[in-house]
Amino acid sequence: MIFGFFACTWAFSGALSLSPFAFLQTSPPTRAFREAASGGPLDLTPLTVERIRAVVSAVGRSFRPKEIDFFQFLGEPYFIAYAPPARSEHEPWRNADISSGERAEHRS
């Protein structure tokens, strides 16, 4: 009886996570909300070749960036630089050949 109660509660909570009722769904953000967070329409004037080179130079003192993203938040431009993974970080995830992945899949 106790197990049945918890099983039904668990199943009901799982069903609710699928948003079966319209009143549980949220509406997408409005244009006004998006512009309030970003500070208005996207301003690409700060995105110049010279500025990108300056960002790469500044970040290059710490690490060699793999990727640089540009975004705007509250009207201010920001750059985010991503470092490539170190050899010790990416080797365990690397598949040398497809057959090694198939063998691993069949074992589990």
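Trainee: In which strand is Gln 72 found?

Mentor: Bear in mind that this is a predicted model; in it, Gln 72 is found in strand 1. To place that strand, read along the sequence, where the protein chain follows the pattern α-α-α-β-β-α-α, with five helices and two strands.

Trainee: How many bridges join strand 1 to strand 2, and do the strands run parallel or antiparallel?

Mentor: Strand 1, residues 67-73, and strand 2, residues 76-82, run antiparallel and are joined by seven bridges. Within this pairing, Phe 71 stands opposite Tyr 78 in strand 2. The hairpin that the strands form has two residues between them, and there Leu 74 takes a positive phi near 50°.

Trainee: Which residues is Gln 72 in contact with, leaving aside its neighbours within four places in sequence?

Mentor: Those residues are Ser 38, Gly 39, Gly 40, Pro 41, Leu 42 and Asp 43. Looking at the polar atoms of the Gln 72 side chain, you will find one that lies 3.3 Å from the backbone oxygen of Pro 41, while the backbone nitrogen of Asp 43 lies 2.9 Å from a polar atom of that side chain.

Key. Residues numbered from 1 in each chain as written. Predicted model: local features only at pLDDT ≥ 70, side-chain atom pairs only at ≥ 80, totals over all residues. Heavy atoms only, no water. Helix = DSSP H or I, 4+ residues; strand = E, 2+ residues; numbered from the N terminus. Pairing = 2+ DSSP bridges. Polar contact = N/O pair within 3.5 Å; in protein donor to acceptor, adjacent residues only side chain to side chain. Contact = heavy atoms within 4.5 Å.
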